[in-house]
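Welcome! Please take a look at the sequence and the structure below, and then read on for a short tour.

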Amino acid sequence: MKILVTGGAGFIGSWIIRHLLQQDSSCEVINLDLLTYAGNLDNLRDVETNPRYRFVHGDIRDANLVSSLMQEVNMCIHAAAETHVDRSITNPLAFIETNVLGTQVLLEAAQKCSLQKFVLVSTDEVYGSLPLDSEEKFTEQSPLKPNSPYAASKASADLLTYSYFKTYGLPVCITRCGNNYGPYQYPEKLIPFFILKLMHGESVPVYGDGLNVRDWIHVADHAAAVTDVLFHGTPGEVYNIGANGQRHNLDVIKTLLKLMEQPESKMAFVQDRPGHDRRYALETRKIQNTLNWKPQHDFESGLAETVAWYQASLPWIQNIQARQQQEHVKPGAEWLIKKS
Ligand code: NAD
Ligand code: TYD
């Protein structure tokens, strides 16, 4: 079995590749990644010499390259994307180009060579936002009501993927997962961004009142779920992936402060993110009941292990910081810097 993973040098893609190679000794993986600011081959040092793994530096929008790779493989997990909501506020075009057009290029190539399975790694953000004062959760039947340019681009990819099932019979599955945390996450998302700031003794910018709720899951659990969907998911089906990990941002941040022995005065309340989704929560009975998948990590111990990993991974952090300087990577929340 040969599998194309797109975006495999990113956070979640690298965990999916590691999981695929470990789980099945007959499985070969091709990793197609453009190595944008978020792509990092240091995430895969432990597998780079594995004879069943091959890295291809390239763009999912390159139809010729994608077509030739697709002919080599039996299945595809599509995880490549522009992924940060803050960046989508200042540069939405990049999100449309990669997340919408790139997905269409992959689907077209997959359809032409009759791929056995195509899994789109989508997100709970396609469902939009839930009110704080309700118990409601998103199910796979909830309407797609994305609010940020990132979420809208992922919802477009999600709908396009389903259209290739209905129109061309391409055996697709779509996964919609909550917020991931764990080792190797690029330090622009809340948890790694704040860990690094606290490691440097800096304060941490809390958007708005900090009461927004995210549904957190350890990345290893997400990678295992995506792999289960690849091998056992029913074509045409959507699977929510979550670990019942709903928490206010303030809860997460206070837990981080405790773990890192820092005072609550390190929290700096700043202007809210435009269009900031209030609450995400996922109903995940479908994947648990039909594929027998269950999360293995609880949030508190997972977060403690994640903090310890960043504290022990200075070379990984320093390489990213050196690249950020060399490549003049702008901060994610440029909208905040511009307006403050
Ligand atoms: P990431 O930003 O860490 O990695 C994205 C990867 O895609 C990078 O390696 C980058 O180089 C690559 N890439 C970007 N544009 C490309 C292109 N044009 N061609 C080839 N490669 C390209 O992202 P992540 O957090 O690992 O997210 C992976 C996937 O999971 C995304 O599709 C995202 O929407 C989805 N997702 C993420 C989360 C989360 O909490 N991070 C939650 C649910 C779903
Ligand atoms: P983020 O990690 O950007 O993920 P997403 O927006 O895709 O859920 O943000 C998680 C939550 O943390 C979100 O409610 C925004 C908030 N946040 C801050 O308060 N400060 C920050 O500096 C960042 C990056 C996020």
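Predicted model: local features only at pLDDT ≥ 70, side-chain atom pairs only at ≥ 80, totals over all residues.

Residues are numbered from 1 along each chain as its sequence is written, ligands are numbered from 1 in the order in which they are written, and side-chain values use heavy atoms, without hydrogens and water.

**Around ligand 1**

- Among the 30 residues around ligand 1, the nearest are Ile12, Asp33, Thr83, Tyr150 and Lys154; a residue counts as around the ligand if one of its heavy atoms lies within 4 Å of it.
- Helix H1 (11–23), strand S5 (117–123), helix H5 (149–168) and strand S7 (179–181) each give at least two residues to this shell, and S5 has the largest share, with 3 residues. Helices (H or I, at least four residues) and strands (E, at least two) are DSSP runs, numbered from the N terminus.

**Backbone atoms and cover**

- A backbone N or O atom of glycine 10 is 3.0 Å from an oxygen atom of ligand 1.
- For asparagine 180, a polar backbone atom lies 2.9 Å from an oxygen atom of ligand 1.
- Ligand 1 exposes 840 Å² when taken alone, and the protein buries 97% of that (accessible areas by the Shrake-Rupley method with a 1.4 Å probe).

Technical notes: Polar contact = N/O pair within 3.5 Å; in protein donor to acceptor, adjacent residues only side chain to side chain.
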